[in-house]
Amino acid sequence: MTKDSQMVWDDCLRTIKKNVSPQSFKTWFEPIKPVRLDAEVLTIQVPNKFFFEWLEEHYVQLLKKSIRQELGERGRLVYHIPENGAAPAGMQSAGKVNTRPSADKDSEPVPGSFDAEMIKNPFVIPGIKRIKVDPQLNPNYTFDNFIEGDCNRLARNAGLAIAKKPGGTAFNPLFIFGDVGLGKTHLAQAIGNDIVGRSDAKAVLYVSAEKFTNQIIQAIKNNSVNDFVNFYQMIDVLIIDDIQFLSGKQKTQEIFFHIFNQLHQNGKQIILTSDRAPKDLEGMEERLISRFKWGLSADLQAPDLETRMAILETKMEEEGVDIPSDVLEFICYNIKNNIRELEGVMVSLLAQSTLIRRDVDLELAKEVIRNFVTTINKEITVEFIQQLVAEHFSVPVDKLHHETRKRNIVIARQLSMYLAKKLTNKSLKSIGEQFGGRDHSTVIYSCKAVQDMMDTDIVFKDTVEEVEKKLKMSLNM
Ligand code: ADP
Ligand code: MG
């Protein structure tokens, strides 16, 4: 008796079933339909391209083995993807692992390009509509105590809009980025808390990218990546904090990419935070970066003085302490670039005042701040410039003193001289002396060289400005 495609496939399934978890079997193999058998070529239909990629990536060996078992050494598998399954039909594989059609790079699916019919599977577990997850949120981070200012207006308002209609705005994903301590975690959690507090019980999950990565490592170890993915597919609002942590972690990025696609296609909300803009994420796959830009990227900037004061006042009210306004202003005036640090100073101040039983006043505040910001009011010195420039160019600082032709050292030395001339009131002679005893003409020559390079090389000009900014920042100038 000759076998038809269904029979061959059924036999393959028996082998497969023995080798994968029931969950994976249901998710990945049950939706497959055998459509044709020509000698030793079995054609199977899979719902879409993504499905095909997943099979190829995770089950190619198993498929190969079971097909050969049924159809002999020359047995092969051909995938058929229905017209609107977003890929050319009849892609070959399984027997020929290397001919795998290049996936996403050339033909990035755009949101909505998959037919809704096609994506009913593969992740939705029949019978489970709503899951109950602990959102892992800190209830103290709310919109109420997230003070609005120019520095965060866009991000905060986008967050509010999302909280009202998760997945239903153009802000998907919402990509919040900014320097450390400027409120990314607070804002992302505020959105989550707001949604959780509403009546229509959405499954919200907050997770740091680090934890997410560890979960994946664990899942790989335990052979439970599918369960992991299935779980994340059921979240309505997924918040991943510090996504830059995924940089260079290829496997994690890959799995996240699939989760992202499924959630996005199903209208689920994704919120990401990062310490830099999508385009500046190094070690992150292009296809992920391009997705990060689909929705809204909103940055958090350093707050102005008024906003800093409003934030600190709110915190102090929450703590139930009363701080003289001149102290508050003094602290806010001195700590500019990091709200966490602002709070840190205030906490140390309160601790000090309790421990030494002294009232919180301006004097005490000054003492505390002096300890906190060691460089405060520090004078800018040639040594300090040398240190910072050397660090920036990754050259040992003592190299700046010696004769060398190494280009990056020469540039670092010239730039240090230029900045020393610009930012200190040292004479040319004394600057020269601090660079291994050179004379004033060397300093003049260096300043001119830097100026010329800045005029002709915009990248170099940016570098100079960046170094100068760093210098000023670390000195609170
Ligand atoms: P990031 O995640 O960007 O490093 P966080 O969200 O942890 O920063 O914020 C640092 C601290 O600053 C937190 O205690 C947070 O509550 C506070 N904070 C930041 N922005 C605001 C704001 N706009 N209003 C009130 N508190 C803020
Ligand atoms: Mg954070």
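Predicted model: local features only at pLDDT ≥ 70, side-chain atom pairs only at ≥ 80, totals over all residues.
**Figure 1. Overview of the chain.** The chain has 477 residues, of which 49% count as buried. Its secondary structure consists of 18 helices and nine strands. Of the contacts between residues at least 6 apart in sequence, 73% join residues at least 24 apart. The accessible surface is about 24000 Å², and carbon and sulfur atoms account for 50% of this area.

**Figure 2. Helix H4 and the elements that cover it.** H4 runs over residues 153-164 and has 12 residues. From the first C-alpha to the last, the helix reaches 17 Å, close to the 16 Å expected at 1.5 Å a residue. The buried residues of H4 are Ala 155, Arg 156, Ala 158, Gly 159, Ile 162 and Ala 163. They lie on the same side of H4, because they cover an arc of only 165 degrees around the axis. Elements covering these buried residues include strand S5 (174-178) and helix H5 (184-196). Strand S8 (269-274) and strand S9 (296-300) are also among them. On the face turned away from the buried side, Leu 154 and Lys 164 are exposed.

Figure 3. Pro 173 is located in the loop that lies between H4 and S5. The peptide bond leading from Asn 172 to Pro 173 is cis, and its omega is near 5 degrees. For comparison, most peptide bonds are trans.

**Figure 4. Surroundings of ligand 1.** A backbone N or O atom of Gly 181 is 2.7 Å from an oxygen atom of the ligand. For Leu 182, a backbone N or O atom lies 3.3 Å from an oxygen atom of ligand 1. The side chain of Glu 343 has an N or O atom at 2.9 Å from a ligand oxygen. Ligand 1 taken alone exposes 560 Å², and the protein buries 95% of that area.

**Figure 5. Leu 362 in helix H13.** Helix H13 covers residues 362-372 and contains Leu 362. With a relative accessibility of 27%, Leu 362 counts as partly exposed. Leaving aside residues up to four places away in sequence, Leu 362 touches Asp 326, Val 327 and Phe 330. Leu 362 and Phe 330 are 32 residues apart along the chain, while their C-alpha atoms are separated by 7.6 Å.

Figure 6. H14 spans residues 382-392. Val 382, Phe 384, Ile 385 and Gln 386 are among its buried residues. Leu 388, Val 389 and Ala 390 are buried in H14 as well. Just after the helix, Ser 394 adopts a positive phi of about 50 degrees.

**Figure 7. Ser 416 in helix H15.** Ser 416 belongs to helix H15, which comprises residues 407-423. Its relative accessibility is 0%, so Ser 416 counts as buried. A polar atom of the Ser 416 side chain lies 2.7 Å from the backbone oxygen of Ala 412. Not counting residues up to four places away in sequence, Ser 416 touches Ile 385, Gln 386, Val 389, Leu 400 and Phe 435. Of these contacts, Ile 385, Gln 386 and Val 389 are buried residues of helix H14.

**Figure 8. Two loop residues with positive phi.** Most residues other than glycine have a negative phi. Ala 39 has a positive phi near 50 degrees. This alanine is in the loop between strand S1 (33-38) and strand S2 (41-45). Ala 39 counts as exposed because its relative accessibility is 63%, above the cut-off of 50%. Asp 242 also has a positive phi, of about 60 degrees, although it is not a glycine. The loop that holds Asp 242 lies between strand S7 (237-241) and helix H8 (250-265). Asp 242 has a relative accessible area of 29% and is therefore partly exposed.

Note on methods: Residues numbered from 1 in each chain as written. Chains lettered and ligands numbered in written order. Heavy atoms only, no water. Helix = DSSP H or I, 4+ residues; strand = E, 2+ residues; numbered from the N terminus. Expected span 1.5 Å × (residues − 1). Buried < 20%, exposed > 50% of the residue type's maximum accessible area, 1.4 Å probe, protein only. Arc of directions from axis to C-beta. Contact = heavy atoms within 4.5 Å. Polar contact = N/O pair within 3.5 Å; in protein donor to acceptor, adjacent residues only side chain to side chain. Areas by Shrake-Rupley, 256 points an atom, 1.4 Å probe, with all protein chains shown as cover.
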